[in-house]
Every structure is written in C-alpha cells, then in structure tokens.
Amino acid sequence: MKPSSTRSKSLNSNPGLLYALFAYGAWGLFPIYWKFFKAVSPIEVLSHRMLWSVVFLGLILTLQNRLAELRKLRRRQVLWLVATALLLSCNWGLYIYGVNTDRVVETSLGYFINPLVSVLLGFLVLRERLHRGQQIAVVLATIGVGYFVWQFGAVPWIALGLAATFALYGLLRKIVTVSPMVGLTVETALMTPVALLIIGYWGIQGTGGFGSTPGLTLLFMGAGIATSMPLLWFNNAAQRLSLATLGFCQYVAPSFQLMLGVFLYQEEFTQTHLVSFGLIWMALVIYSYTSWTRASKTLAKG
C-alpha cells in the first residue's frame, strides 16, 4: 500500500483526528480572514463577530432541537457566563487588533504560552499539583518571556493578554458546567446588545464598514461561520480523542500563525524571537511529553 493511501486510511478510521486538524488548522489560518478587515476598527469587527456568531449558533441549536437547553440554565450559570463573555470579548478583540497591526508573530506567541498559563492557574486557583515536567516547563516559558522583555525592553502585552484571557476563560468554563455549544451561544448573546449599539451608532454616523461594499458586508456576516465552525469541529474531536492527543494538536494553530507572520506577512523574526520561542517550544515539548507519559501509565494501571 502507498504511504499516502495509508495516511488517508488512518485519518478515515479516526475522524476525531481529522476534526482536530480542521479545527486547529482553521484557527491557525484565522489571520488571513481578519486581514481583510485591516481598514476597519477592531471594535466593529468584534461586534459583527459576536452578532453573526449568535445568529449562526442559534440556527445550529434550532436545527439540533437544543433550544430547550437555554431555558434550563440557572441564574448562577448565567452570571458565570457573563464573566466568560467579557473574557472572550477581550480575547477576540485583542487577537483581531494584533493581526491588523501586523503582530501575527506576537499573537502566535500568546497561544504557545497559553497552555502553560493554564497549568499555572490550575496550580494557583484549583490547587492542582504540578509534576516535575510541568514545573520545568513553566520555568522555561517564564525565562523565554523574560528574555524577550529584557532584549526588546518592552512587554509583549498582546501575547500575554491573549494567553491570560484565554487561560482565565478556560478556567471559568471548567468551573461552570455548561455544554460548549450552549455556553458560546449564551456568551455571544450576552454581548450582542452592546454589539448592536456599536454597529447601529456607526451606521447612523455613516462611518461603519457594514454595507459599504458587498464584499466587506459578506465578510462581516461570514465572521459568525468562521468563528463557529472550528468550535463544532473541536467539539467533535474532543468527543473522540484522548486529552493527550488533543493537547498535541493544539500547537498546530500557533505554528500556522507563526509561519503566516514570518513567511506571508514578512514580519520581523529576530534572534531574540528565536531564543524566546526556542525556550517556549522546549517547555511545550517537556510539558507534552511528560503529560503523555503520565497519561499512558495511568491508562496502563487502569
């Protein structure tokens, strides 16, 4: 059998891996989509992303006959989702701003750091124990960021902001027991009134991008699909793959972003970047390998 057919058979027999590659690959290619909005305010792009996401997700829930799940949410859960909605808005807005100010490399740094920030939050907030590999990984990542600050004399605030907001978002979503699809629908719905006010204000002033050209209008509307489809793929992957495998796949997205920033958008990648990224990649390899081996030993004992 030819190697290509072997790989194809492997992917067909494990649709979870294919879903994961679709999800993380799409997230990794997001800069290409958001670059079309370079002349538009990130706040307006974020507003449309919220609006059209809730429209698309609401349609999906309707087709799946799951709207009743929204009515079953308790007041406490909704309050938690207000907090996660604010974090998600900050994360999405910061990412769009980073991409459209030619800092794709820095946004990729944020998502490389994110898993390690999540580990640190688990230790500080949930009192989860850090095994030796995780401790080494966190220290190496801290040294990498510290070296970046020392050499450039500036804090990579976009990268740190993306890592912190998404790690905090993941922490809160771990606390509140709501399915991913329903949770995201509520989060975007909570922010939609604000989004509509912003869109309406700019529409009245005649300064908004929506409706200015057919192409840009379609791109605004497509933001909901672009946001929601990777999440659907991710949910399918999460149901079929082990957490260890899913953890390895998550580095596809920032890797794609880094390559886009350096090779497609010709952003600067200096020796300082190389050393900082090198330390963080080393941290991720140690973290992933030790997590995978510990998971394998646990399964073997079970």
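Colleague: How many disulfides does the count come to, and what makes a pair of cysteine sulfur atoms a disulfide?

Modeller: The count comes to zero disulfides, since the term is kept for a pair of cysteine sulfur atoms within 2.5 Å. This is a predicted model, in which local features need pLDDT of at least 70 and side-chain atom pairs count only at pLDDT 80 or more, while totals for chains, interfaces and linings use all residues. Residues are numbered from 1 along each chain as its sequence is written, and side-chain values use heavy atoms, with hydrogens and water left out.

Colleague: Why is Cys249 called buried, and why is Cys90 called partly exposed?

Modeller: Buried means under 20% relative accessible area and exposed means over 50%, with partly exposed in between, using a 1.4 Å probe and protein chains only. Cys249 has a relative accessible area of 8%, so it is buried, whereas Cys90, at 46%, is partly exposed.

Colleague: What makes Arg127 exposed, and where is Arg127 placed?

Modeller: Arg127 has a relative accessible area of 68%, so it passes the limit for exposed. It belongs to the loop between α6 (104–124) and α7 (132–152). The numbers of such elements run from the N terminus, helices being DSSP runs of H or I with at least four residues and strands runs of E with at least two.

Colleague: How many aromatic pairs does the structure hold, and why is the pair of Trp27 and Phe234 called tilted?

Modeller: The structure holds 20 aromatic pairs. In one of them, the ring centres of Trp27 and Phe234 are 5.9 Å apart and the planes stand at 50 degrees, so the pair is tilted. Trp27 lies in helix α2 (residues 15–35) and Phe234 in helix α10 (residues 214–240), so the contact ties together parts 207 residues apart in sequence. The rule is that rings of Phe, Tyr and Trp (its six-membered ring) pair if their centres lie within 6.5 Å, with planes under 30 degrees apart counted as stacked, over 60 as edge-to-face and the rest as tilted.

Colleague: What makes the contact between Lys35 and Asp102 a salt bridge?

Modeller: A salt bridge is a side-chain nitrogen of Lys or Arg within 4 Å of a carboxyl oxygen of Asp or Glu. For Lys35 and Asp102, the closest N and O atoms are 2.8 Å apart. Lys35 lies in helix α2 and Asp102 in the loop between α5 (75–100) and α6, so the bridge ties together parts that are 67 residues apart in sequence. Lys38 meets Asp102 as well, at 3.1 Å from N to O, and the three residues Lys35, Lys38 and Asp102 are linked in a network. The whole structure has four salt bridges.

Colleague: Why are Arg173 and Glu187 called buried?

Modeller: Arg173 has a relative accessible area of 15%, so it is buried, and Glu187, at 1%, counts as buried too. These residues form a salt bridge, with their closest N and O atoms 3.1 Å apart.

Colleague: Which residues form the nonpolar patch on the surface, and what makes a patch?

Modeller: Leu120, Phe123, Leu124, Val125, Leu126 and Ile175 form it, with about 480 Å² of accessible area together; such areas come from the Shrake-Rupley method with a 1.4 Å probe, and for residues only the protein chains shown count as cover. Patch residues have over 30% relative accessible area and no salt bridge, like charges being joined within 9 Å and nonpolar side chains (Val, Leu, Ile, Met, Phe, Trp, Tyr) within 5 Å. Ile175, at 37%, counts as partly exposed and lies in helix α8 (residues 157–175), while the largest share of the patch, three residues, comes from α6.
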